[in-house]
Amino acid sequence: LQSMKMVPVPEKAYGTFFEGDCYIILHSKRTSRGTAVDLHYWIGKDSSQDEQGAAALYVTQMDNALGGNPVQHREVQGHESETFQSYFRNGIIYKKGGVASGFKHVETNMYNIKRLLHVKGKKHVSATEVALSWDSFNKGDVFLLDLGKVLIQWNGPNCSIAEKSRGLALARSIRDSERGGRAQIGIIDNEKDSPDLMQIMKMVLGERHGELRDAIPDTKADELQKANVRLYHVYEKDNDLVVQEVATRPLTQDLLQHEDCYILDQGGFKIYVWRGKASSLEEKKAAFTRAVGFIQAKGYPSSTNIEVINDGAESAMFKQLFQRWTEKDETQGLGKVYTTGKIAKVEQVKFDTTQLHARPELAAEQRMVDDASGEIEVWRIEDLQMQPVNPKTYGQFYGGDCYLVLYTYLRSGRPHYVLYMWQGRHASVDEATACALNAIELDKKHGDEAVQVRVTMGKEPAHFLAIFKGKLVIYEGGTSRAQKSTPEPAIRLFQVRGTDEVNTKATEVPARASSLNSNDVFLLYLWCGKGCSGDEREMAKMVADIVSKRDKRTILEGQEPAEFWEALGGKAPYASEKRFQEQITHYQPRLFECSNQTGRFIMTEVVGFCQEDLDEDDVMLLDTWEEIFLWVGKASNTYERNEAIASAKEYLKTHPAGRDLATPIILVKQGYEPLNFTGWFNAWDPYKW
C-alpha cells in the first residue's frame, strides 16, 4: 500500500517485503473442485496502524468483489502462515524502510548495494536485513553479505546441509531476479578454507573480536499446543461483543450453524473465523476486527495468524480440525452412486492393477504397492523368536499372536520388499516388542531396503488383504502354535466382507445375533444378508472352506431355521440399514518435517509439497488419512530415526480431529520408496538421489 492506495508490485520483486509497508497477495489455484482463492494481507513490523486498517478494508472489498469465496488471511512479518510461505519457494526477504520513505522496489542491475541478510529456516526460508556487523552473526544460521556484484554466503559451523542449500537457492534467486544474473556468488563453509572471501568480509565488517554467539533456537508451537482446539460462538449484544465457548476437541461439522459466525482457536497458534452463509452482512464485515479483539482479550501475541473462512468454501487446513467433514452432493468412496432415499449405495468399480506402474497416483489412491502377485513369507513370534508358519495356513492370523509377513516383488528387474508387522489384539507386550526388534533384524538381512508397515489387528491395509488372495481369516483370540493353551470355542461366527480376491477378509465376531449385518455374509452356516451381492457370496464360500471342511448350509436372511438362532443364543436386533460408505472427503495429503530434538514434538508443514522438499537429513511425515508414511533421509540423525515411529504415534494422538490410533504407520527409506508413496508427489524422479 502506498499513500493508502493499492499499487501493483513488479513481478521481479515478488517475495521481497519492506518492513514499513503493508501488502496484499492474491493467490488462485485450480483444484478438482474448481478454483481455490486465497487473499492475504501482510503487515510489516514498522507499518502504521492506518496502513494496517486500510489493508484489512481492501481485503474485505476484494472478497466481496470475488463473491465471498476467497479464504482471507492476516499475516504478520516473521510469523507468516505455512500457506503464505509456500508461495515463495526460494524464501522471503525483509528490507528495511518502506516505499513511503523513498525506498523503491529494486530494479534489475542495481549494484550500489551493501547489506547483510540473516537467513533462517530449513523448509520455510526468510532473510532479514541486519546491522553490518559481526555482532549480527551466530553459529547456527546462514548469512548473506550482499555487495551488489558479489554475494558472499557465510555458513554457521552448526548449520545443516538443508539450511546451506536453501541459503544458496536464495543467493541465486537474488542474483537472477535482482542483478540480471550478473553477480558472483562465493561460499564460506569453513573460514580457514576461504581466506580470500574472509578478507572481503573483514574489509566490510572490520576485524572480528571475541566468540560468535550460539545459535538461537526457533520458537515454534508444538503439536500438543496445536491439538488444543476450541470453538466459540461470537455475536453482539447491546453493542458488546459476546464470545461464548461452544465445544472443545474433537469438533464436529454440525456445530457450525449457517446463520452464525464462529471463532476456532487452535491453541493460540492460529485463529480461524467461520462466517455462516445466512449471517448478517455486519457480522461478516466485522470478522477481522473480532478476531483481533479476541487475540487481545486472550492475551495472545499480536502476531497470531488469522484466517477468515466462508461457509461452503472452507480451506483444507480448517476441515482437518474436524472429526469428519462431508461436502454436499458428494460421491462417497470410489464408484458410482445410486441414491436410494437418503443413503447412497456404492458400487465398487474394479480397478486395473496393471495400470499401477504407469500411473503412480492410482497406486497412491488405491493404497497399492503393486498388483499383489509377489512372494510371501510368514513368521510367528514364539518365545520372542521368529518361527516360520506353514505355507498351507498362510492368511490365518490369531489375535493372541504377532506375525511378520515379508512381501517381495520385482520392479525394474530388482527385488523390493514390504515388511508387515501384524500385532494381535491379545498378544503380550513382550511379543509386540520382539516383533518390532525381529523386523529390524529381518530388514538388515535385506540391505535395510524394506518398507516397514505396522498393522493393528482389524485395521489391515488394502495391499495386505490383496497379497492373501481372498484367504485372509482373522481369529479373535487363540494362537496358531502347536501346543494351544486354551480350547477352541464350539461355535464361531465370522463376518466376511469383500467381492474379489483383492479385497476380501473374514473376521471372527462374537457368536451372538447382534453381530449380524444385512450388508454382509456370515459363516456359522453360510448366512447371507439381503444387502450382499453374488460376488460376496462366492468369496464367502471360498473362505468357508478355510475355516471348516464340513459341508456348509446356505441360509438367506429372513429364512433362518430355529437352530440357527439357538446357536447364537437367541434372536436379537442387528444392523440392517444399507451400508453408507463414509469416507473422509477430499482429504488432501499433508507433508510435515518432524523434529523431536528439543524434547518437544514439533512439526513444520510444507504446503504444496514436491520431491524437492524431502531433504537427506530429514525425517518427514506424509499423512494421507488412511495411513501415515514416515520417510527417512539417508543423512538423518540416529535419534530422530529411532524416534520416528513414536513421532507418528504422537502425531495421531495429538491430531485435533481425534484420529484412529490404529492407523497403519509405514516406514519408507530414501531411495526405496514404493509406488503408493511416490504417487502422492507430482512428477516423482526415481533417479534424483
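Helices (H or I, at least four residues) and strands (E, at least two) are DSSP runs, numbered from the N terminus. With that in hand, welcome to a predicted model, in which local features need pLDDT of at least 70 and side-chain atom pairs count only at pLDDT 80 or more, while totals for chains, interfaces and linings use all residues. Residues are numbered from 1 along each chain as its sequence is written, and side-chain values use heavy atoms, with hydrogens and water left out. The protein has 16 helices and 34 strands. Of its 689 residues, 51% count as buried (under 20% relative accessible area; exposed is over 50% and partly exposed in between, with a 1.4 Å probe and protein chains only).

**Contacts across the chain**

- Among the contacts with a separation of 6 or more, 66% join residues 24 or more positions apart (a contact means heavy atoms within 4.5 Å).

- Most residues other than glycine have a negative phi.
- S412 is not a glycine, yet has a positive phi of about 50°.
- The loop between β21 and β22 is where S412 is found, and S412 counts as exposed because its relative accessibility is 76%.
- D383, also a residue other than glycine, has a positive phi near 50°.
- D383 sits in the loop between β18 and β19, and its 66% relative accessibility is why D383 counts as exposed.

**Helix α10**

- Helix α10 covers residues 429–445, which makes 17 residues.
- From first C-alpha to last, α10 reaches 25 Å, close to the 24 Å expected at 1.5 Å a residue (the expected span is 1.5 Å times one less than the number of residues).
- The buried residues in α10 are E431, A434, C435, A436, N438, A439, L442 and D443.
- An α-helix has 3.6 residues a turn, so residues three or four places apart point the same way.
- The cover over the buried residues of α10 includes β18 (375–382), β19 (385–388), β21 (402–411), β22 (414–423), β23 (451–456) and β34 (665–669).
- After α10 comes G447, with a positive phi near 70°.

**Helix α1**

- Helix α1 (residues 49–65) has 17 residues and spans 25 Å between its first and last C-alpha, close to the expected 24 Å.
- Buried in α1 are E51, Q52, A54, A55, A56, V59, T60 and D63.
- G67 follows α1 and has a positive phi, near 75°.

**Cavities**

- The structure holds 4 cavities of 30 Å³ or more (on a 1 Å grid over the protein atoms alone, a cavity is a set of points where a 1.4 Å probe fits but cannot get out, and lining residues have an atom within 4 Å of a point).
- The largest cavity has a volume of about 80 Å³ (grid points are joined across faces, edges and corners, and the volume is the space filled by probe spheres set on the points).
- Its lining consists of R367, V369, V418, Y420, V451, V453, P461, A462, H463, E627, I666 and N676.
- Two or more residues of the lining of the largest cavity come from each of β22, β23 and α11 (462–467).
- By type, the lining of the largest cavity has 8 nonpolar, 2 polar and 2 charged residues (Ala, Val, Leu, Ile, Met, Phe, Trp, Tyr, Cys and Pro count as nonpolar, Asp, Glu, Lys and Arg as charged, and the others, Gly among them, as polar).
- Domain 2 (372–568) and domain 3 (590–679) each give at least three residues to the lining of the largest cavity (domain bounds come from an automatic or database domain assignment).

- A291 belongs to helix α7 (residues 287–298) and counts as buried because its relative accessibility is 0%.
- Not counting residues up to four places away in sequence, A291 touches I263, I271, V273 and I306.
- R590 is in strand β30 (residues 590–595) and, at 12% relative accessibility, counts as buried.
- Beyond neighbours within four places in sequence, R590 is in contact with M317, Q320, E605, F609, L621, L622, D623 and H655.
- R590 and W680 are 90 residues apart along the chain, and their C-alpha atoms are separated by 9.7 Å.
- A544 lies in helix α12 (residues 534–547) and is buried, with a relative accessible area of 3%.
- Setting aside neighbours within four places in sequence, A544 is in contact with L523, L526 and K552.

Definitions and conventions. On a 1 Å grid over the protein atoms alone, a cavity is a set of points where a 1.4 Å probe fits but cannot get out, and a pocket is an open set with protein on both sides within 12 Å along at least five of seven lines; lining residues have an atom within 4 Å of a point.
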